[in-house]
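I opened my notebook today to look up a few places in one protein chain. Come along and check each entry against the picture.

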Amino acid sequence: MKKIAPIVLFVFIATVSFSQKTYFIKNNFNGDPIPFVKVKPNIGTPFLGDIDGIIKISEGVNSIEIIGNGVKDSLVILSNVVDFTIYLTPLIKEIQSINVSAGENPAHRIIDLAIENRKKNNPLDNDAFRYESYSKFIFDVNKDAIDGIPEGTTDSNLLQIKSFFGQQYLLMMESASIRTFMPPSRDQEEITAYKVSGFDTPLLSTFANEMQSFSFYENQFQLLGKTYINPIAFGGTKRYLFILEDTTVVNQDTTFTIFYRPRKGKNFEGMTGHLYINTNGYAIEKVTASPFEDSTGTEIVIVQEYELINGKKWFPSKLSTEISMKGLVLSTKMKDAYIQGKGSTYIKNIIINPEGLRKRDFDNVSVITNENAGTVKDEEWDSLRVYTINDKEKRTYEMIDSLSKAEKLDKKLDLLGTLGQGKIPMGYFNLDLTRLLDFNLYEGYRFGVGLETSKKMMKNATIGGYYAWANRDKDTKYGGYSVIHLNRKNGIKINLRYQQDVAERGGTSYQKDLFSLNSTSMYRHLFIKNMDKQRLGEMAFSGNINSNMKISLIGNYQRIWTTDGYNYTPPGDYVMVLPVSEFDLAETSLEFSWNIREKVMQLGNNRISKGTKFPKIKVKITKGWKGWFESDFDYLRLNTEIQQDISLRGVGKLSWTLMGSLTQGSTPLFLMNAGIATGINWNLSVMNTFETMRPSEFYSSKQAAFFTRLNLNAIKTKAKWNEPQFSIHHAIGYGELNQSINNQHSIAFKTMEKGFFEGGLILNNVLVVNAMGVGIGGFYRYGSYSDNDWKKNIVPKITFSIAL
């Protein structure tokens, strides 16, 4: 009897499950699914449909009442339904302003309870978990544009477009993963399978998951990489307007439907949508969200659905995203022919507090692609999918894959990646765009050319060279280099270079990072005034110790020729010692970088940072060896840099940087430390520099600088060309020189023993064009190194920003 009972129970559950019928709720006008309809069956309790307009009806129910936002309430006799599809008629309503009457807002009590229980309900707090997920994302042309093509058109282009998009989508991608999490922050997701029509790259394997934050309980929520303040963050009822729209009772629980949007007059990045709060724990059952008054031209709407696991913990079960890229139009012959993307991530097999988790099983790689993820067979895909793909989706893979081979789309994707590194592919070689034109105060305009081998010639090695000439110093420069990749996944490589060039007097150079238009060092380079000629031969070995730690071992030999009449007199009997304008250096260096608690994604051989809230540290220790070959100086140089960005909810972002440098030993200014100066009127403002300090005004043997910048939230305007945003700048510097300036160095300069101080106010994005913004700033020098004429302490500047 004991053995029969479980079998009977299983048969009963199976019978109930299979007796349910699935119906699709669609808009009678355009055939689109209608999400989150309220369903009242004639037998049983009311419930809500899902985002795809799918409802499941138990056996015995012969009629249902359906209530939905924007559609007529309908009583449906199920025996009259054809093909399990129920069509509802949309309502045409005039948009009316929302009037809130005096008295207590009934929605506030519910929202306050949701905020109070936020930590308990947050899936990323308190409990460990493991789950499996399946994601599908499809890009297509706006359906209304295709339907709007006249039936009798003779335009061959329109007919071709209609035929193409009637049979397949523009792009389709799928992925499957297993994620394990241990609070507070140990996280690892393994991509076990991915498939992208037309492409074979793991870089797109996380696309669907990067559209939105995993949970709607964090203070700040991410949409398309942009941060918005959550309506259920602390103080939510002061920032947002909440309207209680509906109440649904299911068994012992009640679901409240609450509309939300930012209050009038509030200046912050907010969202609008609906919250569905369940009285069981006052947790989110469903939520919809989109940016409020977004002017980027890309519209996004997300939906998150939660389910109660084991009657104890609400957990995300489905994350959906819809994007409308209205700036990306397929054809001007069609109305609203912009690209749309739509997809969902289905979360299943959720285990709360799984056994056997250990801290040592986690590292800083939060997402990793399995080596065989891109070669999963169709049979295995069928077991991973939530729904079987239809004929149109199958044809998308077949057609786009064949088109990709014919058009070599994978190679074109590699081309875009190469362009992103500042290089133009030219078959077996790449043209280095960064070498074509440059500028600094010493050289003036620098014209040149740089070529290097591409992956087409050698996959694991690069050989390159460059040649340049500048109009101010009237001199030529040239060099060659090679990079040998021993292990791309772990960043292990050998760098070799030889160059006859110029280098900043008193500057510090770290191993090159990836090319970036937002790099501070690139813009600070424009203001270098004093440079010396350098012949350099160098070898460097570098690799990642950990996912967020990198180390480099460097050895070089240099010959330096000073310029602009600068001479250095070594210590000793100044009658006998002659000034030096040419000298040799032999150096060994250790360079170390650590981005504390940084999370990274390892997608094939590509390591992509997900950022960190904690400080980023760089250290470089350099030893100069006198007597090695013909080297002339013995010294020790230490350079450090610590930087952090701190997000301030409702205020903006605070960035601070601390830099320190030290030179031990008697050396020329080439090995000292120049002040980080960019102080020239009506020039470019550069973050983490002294905006009022003139280039080459200060040199020190030991130096410290502290830069802070508070970027306040942008002021909302209705104009697309204007998004003003204020920033407050402050900088402090201190330096010493343990040498006799007059006797050893032939040029005049200052040190910072009395401290260098400046402040500034910046108005960014006065003019915005696409992703680029231009603004204005004013900076003021004060303290011991300020001028008696206060007007000379003011430095006006132009600001430039690129939103990437």
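My entries below go from the whole chain to single residues.

**Ground rules.** I am working with a predicted model, where local features need pLDDT of at least 70, side-chain atom pairs count only at pLDDT 80 or more, and totals for chains, interfaces and linings use all residues. Residues are numbered from 1 along each chain as its sequence is written, and side-chain values use heavy atoms, with hydrogens and water left out.

**Whole chain.** I looked up the secondary structure and found 11 helices and 43 strands. Helices (H or I, at least four residues) and strands (E, at least two) are DSSP runs, numbered from the N terminus. The C-alpha trace spans about 110 × 70 × 65 Å along its principal axes.

Next I checked the surface. The accessible surface comes to about 41,400 Å², and 56% of it belongs to carbon and sulfur atoms. Such areas come from the Shrake-Rupley method with a 1.4 Å probe, and for residues only the protein chains shown count as cover. Of the 804 residues, 46% count as buried. Buried means under 20% relative accessible area, exposed means over 50%, and partly exposed is in between (1.4 Å probe, protein chains only).

I also looked at contacts, meaning heavy atoms within 4.5 Å. Among contacts with a separation of 6 or more, 63% are between residues 24 or more positions apart.

Then came the charges: I noted 94 positive and 84 negative side chains, and the centres of the two sets lie 2 Å apart. Lys and Arg count as positive and Asp and Glu as negative, while His and the chain ends are not counted. The place of a charge is taken as NZ of Lys, CZ of Arg, CG of Asp or CD of Glu.

**Threonine 678.** Is threonine 678 buried or exposed? I found it buried, because its relative accessibility is 0%. Threonine 678 is in the loop between strand S36 (673-674) and strand S37 (683-684). Leaving aside neighbours within four places in sequence, its contacts include Arg524, Phe527, Glu691 and Lys797.

**Isoleucine 551.** I found this residue in strand S29 (residues 549-561). Isoleucine 551 counts as partly exposed because its relative accessible area is 28%. Not counting residues up to four places away in sequence, isoleucine 551 touches Phe541, Ser542, Gly543, Ile545, Leu590 and Glu591. I also checked isoleucine 551 against lysine 750: they are 199 residues apart in sequence and 35 Å apart in space, C-alpha to C-alpha.

Most residues other than glycine have a negative phi, and most peptide bonds are trans. I noted that phenylalanine 84, though not a glycine, has a positive phi of about 55 degrees. Phenylalanine 84 sits in the loop between strand S6 (74-77) and strand S7 (85-88), and its 42% relative accessibility makes it partly exposed.

Which peptide bond did I find to be cis? The bond from proline 183 to proline 184 is cis, with omega near 10 degrees. Proline 184 lies in the loop between strand S9 (171-182) and strand S10 (186-196).

**Aspartate 336.** I found another positive phi of about 55 degrees here, again in a residue that is not a glycine. Aspartate 336 is in the loop between strand S18 (313-329) and strand S19 (338-352). Its relative accessible area is 43%, so it counts as partly exposed.
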